[in-house]
Amino acid sequence: MTAYCPENPLIVQGDQSVLAEVGSPRFAEARDRIAPFAELVKSPEHVHTYRITPLSVWNACAAGTPPDEIVGALREYAKYPVPAVVEASIRDAATRYGRLRMVRWPEGIVLQADEPELAELVWRVRGVTPHLGPRVSATAFAVPTAERGRLKQALVKAGWPAEDLAGYTAGEPLPIALRGTTRAGERFGLRDYQADAASAFHAGGSERGGSGVVVLPCGAGKTVVGMECMARVGSSTLVLTTSVTAVRQWIGELLDKTTLHEDQVGEYSGQAKDVRPVTVATYQVLTHRDRADASFRHLELFDSRDWGLIVYDEVHLLPAPVFQVTAGLQARRRLGLTATLVREDGHEDDVFALIGPKKADVPWKELEGQGWIAKAECTEVRVPLPKELRMPYAVAEARQKFRIASENPEKLALVRRILARHPGEPALVIGMYVEQIEWMARELGVPVLTGTTGQRRRDALYRDFREGRLPVLAVSKVANFAVDLPDAAVAVQVSGTFGSRQEEAQRLGRILRPKPGANQAHFYTLVSRDTTEQEFALKRQLFLCEQGYAYRIADPREI
Amino acid sequence: MKLAELDWMEVLHHLPRWEALSPAARRAFLEVKPGVAAPPEALGAAVDELVAAGFVTRPGPKGRMYPHAPALRPLLVALRAMGRSRPLDGPGGTLPEAYVQDQLGMDEAHWLTGERGYNYWADRHATTALVSSADWVKGFLAAAPGTPMVKWEQARIRPGEPQRLALPQVAEPLHRLVRALTAHAGGVPLGSLPALLPDASPAHRAAALAAGLRYLLVFVSLRGDGCEAVLGVLPCIVRRLGPPPPPPAPVAAAAELETPFMVADMTTVLVEAAGEPIRLRGNDFALFARAQQALAARLLRLPAWTERFIAVQGEDEYGGKRGGEYAGGPGDQGQDGWITAARIAVAVDALRTMRLAALKSREDRLGFEATSAGRAWLGLSEGERLKRLLDPLRASPQRNPGHAGPSTLDFFGIRLPFGVDEKTSDLRGALSTAFLSLPAEGMVAVDAFVRYHAQETNPFTGHGAAQPQRQWGAGYGTPRTREGWESLWAQILAAFLRTRLLPLGGASLGRADGGVAFALTDAGRYLLGGIDAFEYAVAGEGEVMVQPDFEIVFLSAAPRVEAELARFAERTGTGVGALFRITRASVLRAAELGLAADRVLKTLGQVSRTPVPANVARQLRDWFGATRRVRIRPAVLVECPDTETAARVTGLGGAQVTAVTRTVLRLDGDARSVAALVKKLRTKGIFVQE
């Protein structure tokens, strides 16, 4: 293609970013063609941005996409000629994949290069050499078992990814199957995209499957995918997740939707230490130590059973110590579940090396279009600061300014009006400051859930909320992660940290599960006008717009 | 070897033998030096032919060299001289200066041109210009053989030098020869001389030819690979004596460029200067390289062929080389960077001239920063900014180049090497008439337009306006011939198109079969006074989209839109793609320039293919709405110990005193009135404490 083709949707830029015009008639097919090798960075209304990196190209190669197909897809859908530097970079990255393989020989695992020159090159890379064993041939090196993961990490960092075909240990056999009817009596089955994701991960049990990451938006049912993968692997499983509540959610789902019994599923957290054929643990307990110089004693959990599968829930939040242990677990199947491969700390390549390449990725717009997740409308309401607070705000130091703005008492009236707009719809009122959220809960006459709420009370509140007996629940920051509230249709955030993109995505994900009727979810943020809170809210606005959510800014009188 | 002093009888006598040779043999024979035997390798495969034709003889039994036939020496000398200088192949058909250097001594050149100048230097450029003019031949032809021609000759040779044209038998053939040759643009074979002058004897024919060569009326040359000997008058003269050029006819061309890029360039530079002063080098007031590169990256992109067009130095068939502000060639920035450097320089100069920006020295650093007028200018729409440039130009009383008033650009965009009397000359009128004569629709070729008006409506040569008077500074660059004046007027017309009309949106440019074509726009007619008002077309919608995340994406290139958006958005890329992002900082900068939310949103709405997202519109209004303007000025304060004293001071000061707080008062007025109040206070027992 040499001329400008306006009907094509893509603009490929020299920095390897790809802009995709949503309004183009060929957008959908172009998106499907580039998704295997380009990471979606953001998806605001009219133009989505993707980025092609060596990692994304390797992910594509791992899935069987050759470089010619990658370049061909770009050329076919680009408005302008694809920059030569981009094509060269793609081919360069693609040609590096598959040239190094970890395979199992009778003597053990070896790293095999496709030619002696490459073997020599790799052997001389400073970060790689310490993890290699003795040379076994002109093109192969022995790989100590304990170095399998670290070697892969080092090779990725050196720009020479290794395809791990050395296979896995079988683990303790454990028959698991998904139920057709849940214990609660509801019909249950996999959605097509969930089945596809599990198939892509398992790969029929071959050595080409068994390690990788499934990327699905919040509310799309990653837990179900995890359970299906467990069923296909059919062995003991260690599930790692982000909080005790999430642990219990997993346990609840496993017991509700699979053939597992209570004595087969255990919780390993700050409150319980049950190691069973399926054990669900928190990252926090694994990385807990009594002193800064002490060891992470709970990491022994990884060796306490012959795990056949390790599931890393919210793998984008994997803490560094767990990465290190995972480096030594390469003989076990590993599944990462996440809504985004983008990490704040930039350790995407460690996820690739130690957990595995991306196996499945379904855009949320597609799921929203199919009705699997709710449509979300985001509204930012700017509440004026009352007169009596303006001077204290003006003279306060920065941190206090934020608190004054966040705890603006005028917000309460607005919360009432918002809740009145959505009568009968299950709603969450979320806040960062415990005093504020407790006060609002009292004024609204609703229960409140904070970090100090006992687990039993917490579970009861969640149950009542889920079952519709509790229409409104006030929650503090604890509700950010892994709270399974499938029927929350409205979230009203009265204060927040606006710190990380994952937090924003998680918070929104709490209300994105499909709803009856219009399948519409509402997310309100209340900020005090002309304050630092409004400035911080801009970050949220940008993030949500980048993700493609409809974002509206309103005055109180419009509510 | 001076061609005029050769034995042309011998040359012409042996010429038929030369014409019978093959081209290869001719080329080989030219390798032979007169009086020197040639080695066989110099003659190559043609040696046998040359031997057979008697041009060279074979070497003796012990030799290897081939001497030429002695009788052919004059021919050989002439042919080598004709091949060396090739006077009929000069640029545009004019005479090369090297020919004058070869054929005329310094003294001869002085007397030929009538310039008595220096005895150590001859103005060969003036000589070539003179003899390349049609008037040179016309003047000769106007002098009939006889006394007029003798006088013509006497005026052009040193006294005492033998006169060649004193003999009618020489003068008449030369006269006929020159007249005959003016009808042949490409010259005639030298061997046809006898046919052209059948009544002249060979000796007279040869003498006439020699005289013609001596007085640079006729020229002999070798042409092409075949080394054909030709005789002719300079091609430029033959052309000039032909029919006049026709008026420029419409050509089939589509407008490809119609954008006031000078406005965009000035906007780009001023946006930078308004944000933070652009640092300049102290020695030459030029931009530092990094600033230059940053600005160059943000300039509106022009097609390469357009840049070549506006950068050319106006070289034309007359060989003149004088361009406008963009003219030049590769400079420090190399071939590709020259035009962007020139555009930046023009923009900077225009901004300074119009006082939209100024050089300021702060803390020993020289900077180029926007003035308040410049900031106000940035707040206008593109059409209004353009009008602010056009109106002073249009209204200026300037009639001739170099007479621009203060705070306004020069109307012509070019300077002349001599002064022109403003009272008696009106080149502007002639220029405007020429451009306003263009048809209302369609395009004309630039070359055809310039050629026609340079010759047919030239105020310098008496067409339509009085001859300008040279006043001062006249010298080397002043034309001396009619063609020179035509070339100058052509330069002025072309420079006005390149440096004023086109950059200010007064002309649209396109490509036709014969070259670049142009048409006048309403803005151009307005500038030239042809119309009193014009509507400026807003930059049309391109493939631009404003995204909810405040990014502005260009799906296709839209350079004018880029220039508009740069006033209130931060640039993040160039070409196509995500080129801008609206941020709080960019909005604050725009607000400081005087832009308002409504205007910014209107611009976004006009350029974006999709509606401006509601959150973007709302956020923009909030950011703009949060800005305020304050004034800082020195004040005199009176700090009173209590309210009673403050009341007493207020009573004594009257309107001069304003209460800031209950005990602090502000004194207005000049130093004298303050001193008067202090004196009054003292009389009332209120003393000022130092």
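1. Phe550(B) is placed in the loop between β12 and β13 of chain B, strands being DSSP runs of E of at least two residues and helices runs of H or I of at least four, numbered from the N terminus. Its phi is near 75 degrees, a positive value in a residue other than glycine. Phe550(B) counts as buried at 1% relative accessibility (under 20% relative accessible area, 1.4 Å probe, protein chains only).

2. The model is predicted, with local features needing pLDDT of at least 70 and side-chain atom pairs pLDDT 80 or more, while totals for chains, interfaces and linings use all residues. Residues are numbered from 1 along each chain as its sequence is written, chains are lettered from A in the order in which they are written, and side-chain values use heavy atoms, without hydrogens and water.

3. A positive phi, about 50 degrees, also belongs to Cys227(B), which is not a glycine. This residue lies in the loop between β2 (219-223) and β3 (228-232) of chain B. With 5% relative accessibility, Cys227(B) counts as buried.

4. The contact between the chains (heavy atoms within 4.5 Å) draws 25 residues from chain A and 24 residues from chain B.

5. Six salt bridges are counted between chain B and chain A, each a side-chain nitrogen of Lys or Arg within 4 Å of a carboxyl oxygen of Asp or Glu. One of them joins the side chains of Glu551(B) and Lys42(A), at 3.0 Å from N to O.

6. On the side of chain B that touches chain A, β12 (544-546), β13 (551-554), β15 (577-581) and α28 (614-625) each supply at least two residues. The most come from α28(B), with five residues.

Conventions: Buried means under 20% relative accessible area, exposed over 50%, partly exposed in between (1.4 Å probe, protein chains only).
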